[in-house]
Amino acid sequence: MPEEHHYDLVVVGGGPAGSSAAYAAAKNGVRVALLEKERSIAETVRTSGVTWIQNIKEFGIPDGCFNPIKNFSFCSPNNEVTISDTVPRAAVLDVRKTYRWLANEAEQCGVDIFVKTNIKNVIKNEEGDIVGVSGVGPNGETTFHSKVVIDASGFQSTVCKAMGFAEQWERFGAGAEYEMKAEHVDPETWWLMVGQEYSPAGYAWIFPLGNNMVRIGVGVGKPESNVDPAQRLKEIIDKKLGPIKKLGKLTEIEFHYGLIPNDGLSRRTVFNNLILVGDSAGQANPLVLEGIRYAIKFGRVAGKVASDAIKTGKTDKESLYPYENNWRKEIESKIKSAGKVQDRWIGLTDEGWDKELDIIKELKPEEFIDFIKADFGLSNMIKLATHHPKLAVRQLFNMVKGKK
Ligand SMILES: Cc1cc2nc3c(=O)[nH]c(=O)nc-3n(C[C@H](O)[C@H](O)[C@H](O)COP(=O)(O)OP(=O)(O)OC[C@H]3O[C@@H](n4cnc5c(N)ncnc54)[C@H](O)[C@@H]3O)c2cc1C
């Protein structure tokens, strides 16, 4: 006999978006099931874990979960720049620890977490609206009935695809990374490496984790390039290209591989009884393909809006719309601006990158952080586009603003 469960809210996916949504909903007083297909939360790491201290503090992520970063180094084939800040504003997360902390916060609020539960299908009512999900759990077939479902299944967007609301992402990033022990590491400095040899449509990175650990990775934009990031990563490590050489002897600890959507904010994210959040909604900063802070932030908004709707008994798309309104207001225009910079970066030759680093060099640390975070506030952009002493910087920000 298949197992049957009944909850107010079912959240599919125990990543940062799902745990955060489950946490906020349970805190708001509804019964929540969080479903994860792997054997434990964050069993497989698919991310480099860079995020920002300001967001870490806002979310209450404990100090032991991240390594602070103060210096931002870039290198292209014939240029190098380091922007040094006085305080750390970025961080590299211990991904497993952080994701498990998020899930634990949810559990403490009463969320029931089901691991080894792979959701494959949706249950619909007579109107064709979702009223639950089904799949395979540790004891065989399992069904979860609910008033609202949150699809936080990441890149695969399992629920939304099963409803027929979306196809596979057309434009996305593919990334491969080794977590390694290194002989010489500056724990406060990250490296972004650009140019054809690192990645023909993307970049490579060195992110320090503390304790002489680093994540070295390569990201490649699809369909722009058919380079396999795992193969390219192996090549640049074997060649000890650029700053990799400075790390000395490297010992492999773990391999990570993942995909991240880069189709802009093309999807609707609310339907009757259904919300999409995190990567399943395409909520990522396209400049450096980072989405963890959006997954947590909008996960919490999704959980709050869904649980408010459940409490009022009205869970149609209009009742869930405050969620979509919230995130669009906060990031839609920023993501569009970041997309323009990304389009420019994808077209750069090696010489073009050498020159681009000369522009980046001109930014103050706080301007650089806002830029790389795609935190393009209008007044800041106008200031940089109009008053920056360097013409090239003014031109870059005029382009971001949309002026030819
Ligand atoms: C190579 C790479 C590097 C990245 N680096 C960064 C970075 O440095 N900083 C940053 O902010 N972002 C980074 N990102 C992006 C970031 O990882 C994502 O934006 C973020 O993980 C989105 O969170 P999520 O909860 O939406 O999805 P995910 O983290 O993908 O979580 C989805 C969860 O759902 C589960 N699941 C999937 N399908 C099912 C199913 N059918 N049934 C049950 N469970 C299911 C999965 O097992 C997973 O646990 C990177 C991405 C890649 C690919």
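Helices (H or I, at least four residues) and strands (E, at least two) are DSSP runs, numbered from the N terminus. The model is a predicted one: local features need pLDDT of at least 70, side-chain atom pairs count only at pLDDT 80 or more, and totals for chains, interfaces and linings use all residues. Residue numbers start from 1 along each chain as its sequence is written.

**Backbone details**

Pro223 is placed in the loop between β17 (213–222) and α5 (229–239). The peptide bond that leads from Lys222 to Pro223 is cis, with omega near 5 degrees. In the loop between β16 (202–210) and β17 lies Asn211. Asn211 is not a glycine, yet has a positive phi of about 50 degrees. Most residues other than glycine have a negative phi, and most peptide bonds are trans.

**Overall form**

Eleven helices and 20 strands make up the secondary structure of the chain. Its C-alpha trace spans about 65 × 50 × 40 Å along the principal axes. The radius of gyration (taken over C-alpha atoms) is compared with a globule rule of 2.2 Å times the number of residues to the power 0.38. Because a compact globule of 404 residues would have a radius of gyration near 22 Å, the 21 Å of the chain agrees with that form.

Domain bounds come from an automatic or database domain assignment. The division is into domain 1 (3–45 + 96–167 + 263–330), domain 2 (172–261) and domain 3 (336–401). The centres of domain 1 and domain 3, taken over C-alpha atoms, are separated by 35 Å. Contact requires C-beta atoms, placed from the backbone, to lie within 7 Å. Five residues of domain 1 are in contact with seven residues of domain 3.

**Ligand and helix pair**

The ligand is surrounded by 41 residues, and the closest are Gly15, Gly154, Gly175, Gly278 and Gly291. Domain 1 and domain 2 each give at least three residues to this shell. Elements that each supply at least two shell residues include α1 (16–27) and α6 (292–312).

Helices α1 and α6 pack at an angle of about 35 degrees, with axes 7 Å apart. Axes are lines fitted to C-alpha atoms, for helices over the stretch in contact, and angles run from 0 to 180 degrees between N-to-C directions. Among the residues making the contact are Pro16 and Tyr23 of α1 and Ile292 and Arg300 of α6.

In the table, Ala, Val, Leu, Ile, Met, Phe, Trp, Tyr, Cys and Pro count as nonpolar, Asp, Glu, Lys and Arg as charged, and the others, Gly among them, as polar.

| Group | Nonpolar | Polar | Charged |
|---|---|---|---|
| Contact of α1 with α6 | twelve residues | five residues | two residues |

How values were computed:
Near = placed C-beta within 6 Å. Contact = placed C-beta atoms within 7 Å.
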